[in-house]
Amino acid sequence: QLQLVESGGGLVQPGGSLRLSCAASGFTLDYYAIGWFRQAPGKEREGVSCISSSGGSTNYADSVKGRFTISRDNAKNTVYLQMNSLKPEDTAVYYCAAALACTVVAGTVRSSGMDYWGKGTLVTVSS
């Protein structure tokens with residue numbers, strides 16, 4: 001069974017950090033680009049970041065540039081999202097998804113074309 005599982009979410013104070021993980025089971029991530037998306041209550045899902053299968057290309061939403069870093073460890077079949085300087089507006093359920101390539105339009109990471117999705121992990125930034 002092909003599955004993506006996110007972990008690492010939780011409650012953190014503004015200015016704090018979290019590292020999210022996206023682990024794959026049932027298939028290898030080596031040939032897949034991985035995107036991170038988030039959805040806040042009452043808002044549409046938005047693309048946060050995406051990394052190519054080789055790790056050589058990354059993309060970020062303007063709202064997280066300079067604060068979030070996406071990386072991958074294919075040996076561990078895992079992709080990470082390091083989130084620093086967190087803000088209350090980063091509060092959302094974060095999802096990872098896999099596709100053969102990232103789809104980026106006008107600087108925005110698109111969810112279209114993503115083939116596999118995890119169930120999400122909740123990140124709450126609050127004092």
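## Strand S9 and its partners

Ala 33 stands opposite Ala 99 of strand S9, in a model that is predicted. Strand S4 (residues 33-39) and S9 run antiparallel and are joined by seven bridges. Strands here, like helices, are DSSP runs numbered from the N terminus, with helices being H or I of at least four residues and strands being E of at least two. Two strands are said to pair if DSSP finds at least two bridges between them.

With strand S13 (residues 121-125) S9 pairs over three bridges, and Val 93 stands opposite Leu 122 in S13. Strand S12 (residues 116-117) is joined to S9 by two bridges, also in the antiparallel sense; Ala 97 has Trp 117 of S12 as its bridge partner. Seven of the eight residues of S9 (residues 92-99) are buried, so this strand is largely enclosed by the rest of the structure. Buried means under 20% relative accessible area, exposed means over 50%, and partly exposed lies in between, with a 1.4 Å probe and protein chains only.

Strand S3 (residues 18-25) pairs with S8 in the antiparallel sense over six bridges, and Gln 82 in S8 is the bridge partner of Arg 19. Strand S7 (residues 68-73) likewise pairs with S8 in the antiparallel sense over six bridges. In that pairing, Ile 70 has Leu 81 of S8 as its bridge partner.

S7 and S8 form a hairpin with four residues between them. Within the turn, Asn 77 has a positive phi of about 55°. As background, side chains in a regular strand alternate between the two faces of the sheet.

Ser 21 is placed in strand S3. At a relative accessible area of 16%, Ser 21 counts as buried. Apart from neighbours within four places in sequence, Ser 21 is in contact (heavy atoms within 4.5 Å) with Val 5, Glu 6, Ser 7, Trp 36, Thr 78, Val 79 and Tyr 80. The C-alpha atoms of Ser 21 and Leu 4 are separated by 9.9 Å, and the two residues are 17 residues apart along the chain.

## Positive phi in two loops

Ser 85 lies in the loop between S8 and S9. The phi of Ser 85 is near 50°, a positive value in a residue other than glycine. Its relative accessibility is 40%, so Ser 85 counts as partly exposed.

Ala 106 is found in the loop between strand S10 (104-105) and strand S11 (108-109). Although Ala 106 is not a glycine, its phi is positive, at about 50°. Ala 106 is exposed, with a relative accessible area of 79%.

## The chain as a whole

The protein chain contains 13 strands and zero helices, and its pattern along the sequence is β-β-β-β-β-β-β-β-β-β-β-β-β. The radius of gyration, taken over C-alpha atoms, is compared with a globule rule of 2.2 Å times the number of residues to the power 0.38. For 127 residues a compact globule would have a value near 14 Å, and the 13 Å of the protein chain agrees with this. The C-alpha trace spans about 40 × 30 × 25 Å along its principal axes.

Of the 127 residues in the protein chain, 42% are buried. Among contacts with a separation of 6 or more, 59% come from residues 24 or more positions apart. The protein chain exposes about 6,400 Å², of which carbon and sulfur atoms supply 47%; accessible areas come from the Shrake-Rupley method with a 1.4 Å probe, and for residues only the protein chains shown count as cover.

The protein chain has 11 positive and 9 negative side chains, and the centres of the two sets lie 2 Å apart. Lys and Arg count as positive and Asp and Glu as negative, while His and the chain ends are not counted. Each charge is placed at NZ of Lys, CZ of Arg, CG of Asp or CD of Glu.

## Basis of the values

Residues are numbered from 1 along each chain as its sequence is written, and side-chain values use heavy atoms, with hydrogens and water left out. In this predicted model, local features need pLDDT of at least 70 and side-chain atom pairs count only at pLDDT 80 or more, whereas totals for chains, interfaces and linings use all residues.
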